[in-house]
Amino acid sequence: MKPSDIEQKHPRLYLEVCSHSEDPCLPLHTSIALFLLSYCECKSFKVFLVCTKPGSPQTFKSQLPESLEVCDIELEALPPLVRGCRLPAVLDETGTLCRAGLAVVLRHIINTTTEADPGRNDVSALLGFKKTCLKACAEVSRWTRLCEIGIPSAVEELLNNPTVQYLQLPLAILTLEQRLAEPVKVHNDDKIRRQKLKQQKQKESNESSEGQGKADAESQPRQSVQACDGLELRAALAKLSVDSVPSAATRETSEIRKVKTTDLPPLEHVFAEGLYFTLTDVVLLPCIHQYLGSIQAHAVGVLYRLPHLLRWYSRVQEVPGVLRAAKACGITFFIPSLSSPPGPAIEDIPASQLEHEHQEMTTQLPFVGGPRPTMTKLQENGIEAVFAPHPCPAWTLPWDHLPEAINPTEGKMSNIRAVRKRQQLNNLVAMVTELARPGNTVVDFCSGTGHVGIVLAHALPDCQVILIENKEESLVRAQGRSAELGLENIGFIQANLDYFTGQFHIGVALHACGIATDMVMEHCIQAGAAFVISPCCYGFIQNANKFSFPRSPRFQDTLTYKEHMILCRFADQTAVQLPPERRLIGKQCMGLVDLDRSWAAEAHGYSVQVMTMEPESCSPKNNMLMGRPAQKSELEVGVRQVEAPGHN
């Protein structure tokens with residue numbers, strides 16, 4: 001069936017199809033999406049299998065739920081927005097909003113299911129407490145990165161290169177095992193932990209009254225990896241409407257109430273994020289199933305190192321709907337057997353590496369100290385903040401003549417804030433207008449509700465503008481504003497930055513928080529695109545998966561990581577209510593952090609200017625970085641005096 005034969009009134013889900021070695025199979029992220037569709041019994045999407053390697057979708061028939069309407073599509077036939085993203089991806093009915101990336105697509109499937117059937121509480125519960133499960137993007141959440149990227153990548157690497165890796169536990173798998181062994185922190189856990197203490201005391205009392213001594217206790221068989229007794233399991237199953245939690249109406253005895261919280265027994269994991277079955281378990285299940293299946297067949301001794309993971313794998317199979325969904329996707333679960341003696345010796349991950357990964361999963365502590373010693377050290381090495389003059393400080397958009405939906409006052413903000421927002425937009429639009437040429441693609445990264453991107457699409461009708469934002473609510477609102485204006489040169493992508501792979505000419509970002517500024521710059525450098533970026537939230541900067549600080553060789557030779565973090569911390573000290581001398585130091589720290597960024601870009605052949613937005617009062621974070629690839633000379637870029645649209 002061809003894509004043209006499918007009605008376009010439904011959202012379209014695009015999933016990748018490829019082959020591992022000689023045997024065709026579905027990539028893990030495709031298997032995960034299909035499993036969730038089956039679990040949710042969702043039929044709202046038209047599913048397209050994107051063939052990235054030779055092979056017919058008929059080969060995968062046993063792994064495709066029969067309830068889905070599926071057709072195949074070639075890469076060249078993908079809609080432009082989808083083609084510029086990593087799969088999986090969903091294109092909405094209008095063809096202007098694309099949701100890309102595993103976590104974003106899975107959350108959208110859940111929301112679509114519950115909108116169609118509000119009674120599916122089991123599906124809405126997958127999003128967890130306050131519906132935040134896997135909501136934080138992988139760039140800022142190490143837990144999301146582990147589940148969405150780390151574990152699927154580790155398992156697929158093992159499947160692609162099995163002979164070398166069976167005897168070494170992947171770091172991502174060991175990290176998950178370590179997390180499952182830790183005590184659970186859940187909402188209202190104090191109440192549940194007191195109930196657990198009460199049960200423990202009742203059990204001790206019963207055993208004592210029945211005269212069961214130590215010998216009887218030792219004679220009991222050890223708990224198998226499939227067993228998961230106690231209050232945690234009952235609470236988990238109650239959430240799934242399978243069992244009931246012990247009634248909380250009965251007040252605990254004074255003896256139980258007086259126990260300090262620190263002395264209460266910890267709660268143990270039942271599922272991946274704690275007591276309750278969530279989207280995280282759906283993501284992990286196809287991955288861990290394939291991993292354990294491979295280990296069971298080739299290196300059963302490894303299983304002895306993963307008791308918590310084995311218990312989780314067995315417990316997930318008891319969730320209502322899981323077996324049905326697995327059967328529809330051709331997944332046959334098994335009970336891991338530990339009856340065989342350990343196999344060949346298993347290579348250990350160095351403790352230092354695990355400790356490093358564990359530290360990455362925790363928030364770094366703030367540094368204590370002032371910026372003056374660090375600034376003095378830089379000055380002694382000839383490094384000082386330098387700001388280029390603003391090329392067009394008086395430039396402004398004709399706000400009084402623009403449609404209402406373009407004006408920042410359209411949003412819920414005060415008049416004073418709206419004025420400052422217009423001033424910020426003047427600065428960025430002026431720089432982008434200077435760089436843009438007809439036919440260019442301009443990407444507004446971290447676009448929010450579209451203040452920058454919508455203005456650019458209106459001001460540059462001969463350019464294509466794409467807004468990229470991870471928060472669905474903001475992007476849907478931007479799409480509504482765009483529809484009201486009738487803009488046809490604009491598209492929307494809900495995704496983490498890493499999932500956008502399309503080509504573009506100019507990247508822009510207004511107040512990109514923390515390392516988002518560095519990610520946008522990196523994206524632009526990889527694409528050979530110019531950039532106009534206003535950084536923000538310097539205090540959130542810290543070493544991440546892809547970035548380490550300082551960024552440039554010269555700063556690296558001068559400052560330690562800790563000293564650079566001191567600069568970042570004090571770069572946030574620019575609020576208007578602070579004393580003038582303190583704000584001045586904050587501005588200098590901002591300039592130094594952005595100087596380091598600009599030198600890092602220049603090492604890739606860019607010409608970068610760090611300047612201050614006009615007027616300076618438009619924002620406490622008023623720095624702006626404009627960079628151009630050096631291979632594009634000023635004659636090619638065409639530096640010119642910028643005129644506001646509609647002005648003579």
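Which helices each supply at least two residues of the lining of the second largest pocket? They are α1 (28-40), α5 (142-160) and α7 (171-181), where helices (H or I, at least four residues) and strands (E, at least two) are DSSP runs numbered from the N terminus.

The model is a predicted one, in which local features need pLDDT of at least 70 and side-chain atom pairs count only at pLDDT 80 or more, while totals for chains, interfaces and linings use all residues. Residues are numbered from 1 along each chain as its sequence is written, and side-chain values use heavy atoms, with hydrogens and water left out.

**Confidence**

The protein chain averages a pLDDT of 81, and 73% of the residues score at least 70; pLDDT is the predictor's confidence in each residue, from 0 to 100. Over residues 215-228 the pLDDT is below 50, and this stretch has 18 contacts in the model beyond near neighbours in sequence, a contact being heavy atoms within 4.5 Å. Residues 354-367 also have a pLDDT below 50, with 23 contacts beyond near neighbours in sequence.

**The second largest pocket**

This pocket has a volume of about 820 Å³, a volume being the space filled by probe spheres set on grid points that are joined across faces, edges and corners. A pocket is defined on a 1 Å grid over the protein atoms alone, as an open set of points where a 1.4 Å probe fits, with protein on both sides within 12 Å along at least five of seven lines, and its lining residues have an atom within 4 Å of a point. The lining is made up of 37 residues, of which R145, E148, I149, G150 and S153 lie nearest the centre. Helix α5 gives the most to this lining, with 11 residues.

**Nonpolar cores**

The largest nonpolar core has 76 residues, and those with the most contacts inside it are I151, I288, Y291 and W312. Helix α12 (residues 279-298) gives the most to this core, with 10 residues. Such a core is a set of buried Ala, Val, Leu, Ile, Met, Phe, Trp, Tyr and Cys residues joined through side-chain atoms within 4.5 Å; buried means under 20% relative accessible area, exposed over 50% and partly exposed in between, with a 1.4 Å probe and protein chains only. Leaving out residues up to four places away in sequence, I288 touches I151, I173, L176, L309, W312 and Y313. A second, separate core of 62 residues includes C98, L378, I515 and C524.

**Aromatic pairs**

A search of the whole structure finds 10 aromatic pairs, in which rings of Phe, Tyr and Trp (its six-membered ring) have centres within 6.5 Å, and planes under 30 degrees apart count as stacked, over 60 as edge-to-face and the rest as tilted. Two of these pairs are set out below.

| Pair | Geometry | Centre to centre | Angle between planes |
|---|---|---|---|
| Y313 and F333 | edge-to-face | 6.0 Å | 80° |
| F531 and Y606 | stacked | 5.7 Å | 20° |

Y313 lies in helix α13 (residues 307-316) and F333 in the loop between α14 (322-328) and α15 (351-360), so this pair ties together parts that are 20 residues apart in sequence. Y313 is buried, with a relative accessible area of 0%, and F333 counts as buried at 14% relative accessibility. F531 lies in strand β11 (residues 530-536) and Y606 in strand β12 (residues 606-612), so their pair ties together parts that are 75 residues apart in sequence; F531 and Y606 are both buried. Ring pairs also link Y39, F271 and F277 into a cluster.

**Helix α18 and individual sites**

Helix α18 (residues 451-459) is largely enclosed by the rest of the structure, because eight of its nine residues are buried. These buried residues are H451, V452, G453, I454, V455, L456, A457 and A459, and what covers them includes α17, β7 (441-445), β8 (464-469), α19 (472-485), β9 (490-494) and β10 (506-513).

H108, which lies in helix α3 (residues 102-116), is buried with a relative accessible area of 10%. Leaving aside neighbours within four places in sequence, H108 is in contact with F45, V90, R99 and E472.

S619 is found in the loop between β12 and β13 (623-629) and counts as buried at 7% relative accessibility. Not counting residues up to four places away in sequence, S619 touches Q424 and H511; S619 and R417 are 202 residues apart in sequence and 9.5 Å apart in space, C-alpha to C-alpha.

A394, by contrast, counts as exposed at 69% relative accessibility, and its place is in the loop between α16 (372-380) and α17 (415-435). The C-alpha atoms of A394 and N426, 32 residues apart along the chain, are separated by 9.1 Å.
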